[in-house]
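Here is a short briefing to read alongside the model.

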Amino acid sequence: MTLKTLSLQNFKRYASFEMAFEEGLCGILGRNGSGKSTIFEAVFFALYGEYKNKELLKTSGSEGNVKVELCFNINEKEYTIIREFRGRVMTAYASLKCGEETTTTGAKEVTIAINKLLGMGKEAFLHTVFASQKELTALSSMKNDERKTMMRRLLGLEKIDKIETMIREVLRDLNRDIKNDSTQLMSEEALKALHVEQVSKEQTLKTLVAQLKTFEAETQQIKLAHESAKTAVELQQKAKEAKTQKAQTVTKAEQGIAIHQQQLKNLDEELIALHVKKTAYEKELPLKAKLVALDKSLNEQDNLKTAYFKKDALEKEQAQLRIDFTNRKAEVATLSKEIEPLETIKKQFTEQRTTLTQQKATLQSIEEAMNAIKTHIATHNAKIAETKEKVDGITKLGRDSACPVCTRPLLDQYDNVLSSLTKEINEGISKKIDEATKSLSAKVEQYKAQQKIVQEAERIYNATNTQITLLTSKTQDLAKAQTLFNEVETRGKVNKQALEALGAIVYNEKAHEQLKAEHKTLKAQVDELLKLEALIATIPSKTTALSALQKQLETDQAQLKEYQKLLSADTYKEEIHTKAIEETIRIEKQKEAHTEAMHKTALEQSNIVRDIEALKKEIERDTKLREALKAKEKDQSDYVKLKEIMVEFKTHINARVAPRIGEVASEMFVRITRGRYQHIEVSPEFDFFIYDNGIKYPIERFSGGEIDLANLVLRIAISKTLGELSGGGNIGFLAFDEVFGSQDEERRIRIMEAFHTISESYRQIFLISHEMEIKEMFERVVEL
């Protein structure tokens with residue numbers, strides 16, 4: 001396998017990067033952090049798709065997908081592998097092409113295909129192709145145990161150790177389980193006793209099954225006899241019920257005839273009594289006409305009483321209306337006289353309002369004049385303050401100050417200006433303020449006098465307004481009094497007409513009461529007569545009912561004779577019924593005893609079946625334990641054999657790996673040292689020795705440069721041997737990361753000569769370094 005091209009997008013520090021891999025010894029040079037090691041991390045990621053944290057894989061700040069595309073050749077065929085992390089969740093995607101044909105897709109599927117294509121897994125590939133300065137120096141500087149561990153890790157022998165450990169753990173668990181399971185097995189005597197007990201119980205079960213079948217046959221016979229006895233009892237019961245029903249029918253018919261006979265007797269007696277009452281009714285019949293006449297007279301007396309009391313009420317009301325008429329008339333006259341001055345007072349009120357308005361206007365004009373004078377005084381006071389401020393300013397400035405009017409320097413006019421300003425304050429403005437103050441005092445006195453005049457006018461105005469309000473209220477009272485007067489007058493006229501219509505009324509209350517007493521007595525007699533009339537009206541219907549009842553009695557008596565004949569002909573016997581019941585009870589007791597015995601046998605059968613099942617489960621459990629124990633013993637035997645095989649395999653690998661590493665390392669070491677040293681030996685414990693003139697010496701005996709070369713060829717030999725063991729003999733490139741370390745120039749040159757020497761065995765060798773001084777030693781250089 002040789003690398004051809006590599007393309008990166010958003011991979012770690014590379015937002016976009018492309019590189020072609022040439023054949024020969026190639027130096028990948030750049031300062032620390034320039035991304036040199038990232039190139040082979042990308043190669044490893046492209047092949048095996050493994051990265052611990054895919055979030056750290058992405059270029060910081062980028063938004064696109066992570067993409068790595070690697071092109072490589074195997075056996076003259078070109079392969080292209082693409083791996084991506086897509087989207088925000090970084091979903092893995094991969095594809096593998098052979099030439100232009102896509103052969104595999106899917107992240108896991110491509111990894112499996114690469115394992116098959118290269119013939120090795122990721123760890124074997126990593127240890128075969130890549131090496132670092134740390135590994136080279138560690139080969140000789142480590143202690144024996146540490147070196148042995150490192151070599152086993154590089155060669156993948158740790159997996160064999162893990163398998164051996166796993167086999168030991170499994171064997172330990174199997175031994176423990178076999179020992180525990182053996183203690184849970186029954187003895188042969190106990191197992192034989194269980195089988196004997198099972199056979200005995202199965203025999204007992206057969207006997208019980210036969211007994212149950214006999215019980216079932218007997219149960220059927222008892223059931224038939226019981227059903228027959230029950231049928232006989234039911235027939236007797238029905239016959240008894242039929243005879244009882246016939247007797248009840250005869251009794252019911254006899255009772256019906258007795259009732260009808262009593263009803264016939266009562267009805268006959270009622271008709272005789274009604275005929276007697278009819279005779280008495282006919283004698284008292286004139287009372288009805290007398291009550292009608294008395295009703296008419298009583299009605300006339302009631303109407304006369306009503307008219308009498310109505311006239312009395314009207315006369316009393318009329319007397320009260322005369323009094324109300326006189327009072328209302330006097331009230332109207334009084335109110336009319338009181339409101340006569342209202343119009344005159346209203347005219348006075350209008351004049352007073354006009355006068356008050358004029359007086360208020362005069363007061364306001366005086367107030368305005370006072371305010372004008374106050375404003376005039378304030379203005380002059382402001383001028384005095386302004387002038388004094390000018391005097392103070394000029395005094396402070398002195399004779400060289402500017403004129404407050406023309407702004408020119410005062411000089412000789414200084415005293416004149418000060419004198420002029422002082423005179424203006426004392427003689428001009430102050431005099432005007434004194435005159436205005438005297439004028440203001442006069443106006444204040446005038447304002448006070450006018451204010452009293454306005455107050456008096458307001459008092460008179462308010463008093464007049466109050467008087468008008470009072471008289472206006474009395475006007476409303478007059479209207480109400482006039483309305484009441486009119487109503488009283490109208491009602492008096494109406495009452496007078498009603499009295500005239502009633503005329504003279506003569507009413508005798510004593511005669512009226514005597515008439516009501518007579519009517520009450522007669523009304524009671526007539527009510528009794530009406531009740532008697534209703535009873536007499538029932539004579540025809542009761543006569544008809546008497547005839548129908550006589551016919552029904554004859555029919556009932558004939559029917560009774562028929563019922564009595566049927567009852568006499570009934571064949572039911574009480575003693576036969578009793579014997580049938582006793583037979584049924586006897587069979588039921590027999591059935592209960594038989595059922596109890598059958599249930600007891602069934603319960604015994606169920607217990608036997610349960611015991612047999614328990615025995616079978618116990619025997620089955622022991623059988624399964626024995627089978628499981630045999631399986632574990634077989635597994636134990638197999639793992640013991642596997643353990644022996646792994647020991648032999650380790651011995652074989654150790655015997656083969658160490659000599660092969662020594663053989664490959666010796667061949668390269670002889671060429672690099674130009675025959676100076678003949679052989680490098682690798683012991684089974686992975687200790688290193690160099691032969692000098694045929695004598696074996698530990699590697700620590702030699703100089704630093706010679707140790708560096710020995711470490712280099714040993715690491716390459718390990719890679720080559722590992723490739724052969726893994727089946728990956730078609731790997732055609734190696735990559736070394738910072739193998740120069742802190743070597744001096746002479747050692748670097750010797751290491752580079754060594755790489756040139758072994759480049760014949762590999763088509764591509766890549767050296768990663770931050771040492772720019774060795775640039776000229778490479779056939780090809782990639783600077784980052």
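Ser95 sits in strand 6, which spans residues 91-98; helices here (H or I, at least four residues) and strands (E, at least two) are DSSP runs, numbered from the N terminus. This is a predicted model, in which local features need pLDDT of at least 70 and side-chain atom pairs count only at pLDDT 80 or more, while totals for chains, interfaces and linings use all residues. Residues are numbered from 1 along each chain as its sequence is written, and side-chain values use heavy atoms, with hydrogens and water left out.

**Around Ser95**
- Ser95 is buried, at 7% relative accessible area (buried is under 20%, exposed over 50%, partly exposed in between, with a 1.4 Å probe and protein chains only).
- Leaving aside residues up to four places away in sequence, Ser95 touches Thr80, Ile81, Ile82, Thr104, Thr105 and Val110 (a contact is heavy atoms within 4.5 Å).

**The sheet and its helices**
- An open, antiparallel sheet is built from 6 strands in the order 2-1-4-5-6-7 (two strands pair if DSSP finds at least two bridges between them).
- Strand 2 (14-20) and strand 7 (101-105) each have a single partner strand, so one side of each has no neighbour in the sheet.
- From one strand to the next, the twist averages 15° (axes are lines fitted to C-alpha atoms, for helices over the stretch in contact, and angles run from 0 to 180 degrees between N-to-C directions).
- Strand 1 (residues 2-11) is joined to strand 2 by 6 bridges, and Leu8 has Phe17 in strand 2 as its bridge partner.
- Helix 1 (residues 36-48) packs on the sheet, touching strand 1, strand 2, strand 4 (66-74) and strand 5 (77-86), and its direction makes about 100° with that of strand 1.
- Helix 3 (residues 107-118) lies across strands 4, 5, 6 and 7, at about 40° to strand 6.

**Salt bridges**
- The count comes to 29 salt bridges (a side-chain nitrogen of Lys or Arg within 4 Å of a carboxyl oxygen of Asp or Glu).
- In helix 9 (residues 287-338), Asp312 and Lys316 lie 4 residues apart, about one turn of the helix, and their side chains meet at 3.4 Å, N to O. Asp312 is partly exposed at 32%, whereas Lys316 is exposed at 57%.
- In helix 14 (residues 574-672), Arg626 and Asp622 are also 4 residues apart, with their closest N and O atoms 2.6 Å apart. Arg626 is partly exposed at 24%, while Asp622 is buried at 1%.
- A network of salt bridges links Asp173, Arg176, Asp177, Asp181 and Lys632.
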